[in-house]
Amino acid sequence: MKFFVDTANLDQIREAQDLGVLDGVTTNPSLMAKEGITGAKNILQHYVDICNIVDGDVSAEVIATDYEGMVKEGKELAALHDQIVVKLPMIKDGIKAAKHFNDIGIKTNVTLIFSAGQALLAAKAGATYVSPFLGRLDDVSTDGLSLIAEIRQIYDNYGFETQILAASIRHTMHIIDCAKIGADVITSPLSSINGLLKHPLTDIGLEKFLADYKKGN
Ligand code: G3P
């Protein structure tokens with residue numbers, strides 16, 4: 001299972017990379033704006049900065065919503081760095097663009113997936129990743145984890161190689177449940193990844209081991 005961090009914050013990306021378990025980064029226009037990164041030139045430079053910190057795939061999202069615009073913008077993004085994955089919205093032209101990029105060997109991440117049908121279509125188009133947003137489904141009283149399980153079953157039935165990139169992760173249990181279901185990748189805020197480290201019995205146990213060591217020395 002791959003771990004991506006879902007942020008445009010360079011300090012958090014460095015911290016995740018330093019932990020040694022990071023496989024990639026996802027960003028989106030909202031995460032860029034949160035870091036105060038605005039304007040095409042600054043955004044493109046920020047993608048390069050992220051690629052220079054991490055070893056794995058870095059999703060960079062197109063802003064265009066028409067096929068020609070997405071293809072042009074996607075090619076510009078892909079040319080920035082060989083780790084860039086072109087992130088496309090789950091709309092008709094996005095599917096067409098995913099097919100085009102698959103044909104010319106550019107990786108894609110089809111985002112804003114909220115149904116199994118959308119994930120099936122993206123896999124048919126040859127997307128490298130699909131991003132179902134499980135937290136946002138939970139927010140509207142729909143079981144996000146059930147969607148991850150449905151997509152897993154469909155992809156396994158037909159041997160689709162598209163990777164399920166579980167997004168909109170809100171807490172550590174989302175990560176654990178995605179691992180049980182068999183999501184290929186989770187993209188998560190750093191806080192949820194760090195949350196996996198914690199257990200009070202670990203802290204109590206370590207304190208006791210150290211105290212007992214000191215007694216004999
Ligand atoms: O990167 C997309 C996704 O992870 C967004 O998460 O928390 O805004 O629903 P969230």
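Start with helix α2, which gives the most to the lining of the largest pocket, 3 residues. Helices here are DSSP runs of H or I with at least four residues, strands are runs of E with at least two, and both are numbered from the N terminus. This is a predicted model, where local features need pLDDT of at least 70, side-chain atom pairs count only at pLDDT 80 or more, and totals for chains, interfaces and linings use all residues. Residues are numbered from 1 along each chain as its sequence is written, and side-chain values use heavy atoms, with hydrogens and water left out.

**Stop 1: the largest pocket**

Select Asp-6, Thr-7, Asn-28, Leu-31 and Pro-189. Of the 23 lining residues, these lie nearest the centre of the largest pocket. A pocket is defined on a 1 Å grid over the protein atoms alone, as an open set of points where a 1.4 Å probe fits, with protein on both sides within 12 Å along at least five of seven lines; lining residues have an atom within 4 Å of a point. The space in this pocket is about 350 Å³. That volume is the space filled by probe spheres set on the points, with grid points joined across faces, edges and corners.

Now colour α2 (29-34) and β5 (108-113). Each supplies at least two residues of the lining. Then colour the lining by class: 6 residues are nonpolar, 11 polar and 6 charged. Nonpolar covers Ala, Val, Leu, Ile, Met, Phe, Trp, Tyr, Cys and Pro; charged covers Asp, Glu, Lys and Arg; the others, Gly among them, are polar.

**Stop 2: the second largest pocket**

The second largest pocket has a volume of about 240 Å³. Select Ala-40, Ile-43, Leu-44, Ile-63 and Glu-73, the closest to its centre among 14 lining residues. Two or more lining residues come from each of α2, α3 (40-53) and α4 (67-80). Helix α3 has the largest share, with 4 residues. By class, this lining holds 10 nonpolar, 1 polar and 3 charged residues.

**Stop 3: the ligand**

Which residues surround the ligand? Show Asp-6, Asn-28, Lys-87, Phe-133, Arg-136, Ala-167, Ser-168 and Arg-170. A residue is near a molecule if one of its heavy atoms lies within 4 Å of it.

Next, draw the polar contacts, pairs of N or O atoms within 3.5 Å; within protein, one atom must be able to donate a hydrogen and the other to accept it, and residues adjacent in sequence count only if both atoms are side-chain atoms. Begin at Arg-136, where a polar side-chain atom lies 2.7 Å from a ligand oxygen. For Arg-170, the distance from a polar side-chain atom to a ligand oxygen is 2.8 Å. For Asn-28, an N or O atom of the side chain is 3.1 Å from an oxygen of the ligand.

**Stop 4**

Most residues other than glycine have a negative phi, and most peptide bonds are trans. Ser-168 sits in the loop between β7 (163-166) and α9. Buried or exposed? Ser-168 is buried, because its relative accessible area is 10%. Buried means under 20%, exposed over 50%, and partly exposed in between, with a 1.4 Å probe and protein chains only.

Move to Leu-112 in strand β5. Phi of Leu-112 is near 65°, again a positive value in a residue other than glycine. Leu-112 has a relative accessible area of 33%, so it counts as partly exposed.

**Stop 5: helices and distances**

Go to Ala-122 in helix α6 (residues 116-124). Ala-122 is buried, at 0% relative accessibility.

Then find Asp-18 in helix α1 (residues 10-19). At 68% relative accessibility, Asp-18 is exposed. Asp-18 and Gly-144 are 126 residues apart in sequence, and their C-alpha atoms are 30 Å apart.

Ile-181 belongs to helix α9 (residues 172-181). Ile-181 is partly exposed, at 25% relative accessibility. From Ile-181 to Asp-66, the C-alpha separation is 34 Å, and the two are 115 residues apart in sequence.

**Last stop: the cysteines**

Select Cys-51 and Cys-178. Cys-51 is buried at 2% relative accessibility. Cys-178 is buried too, at 0%. How many disulfides are there? The count is 0, where a disulfide is a pair of cysteine sulfur atoms within 2.5 Å.
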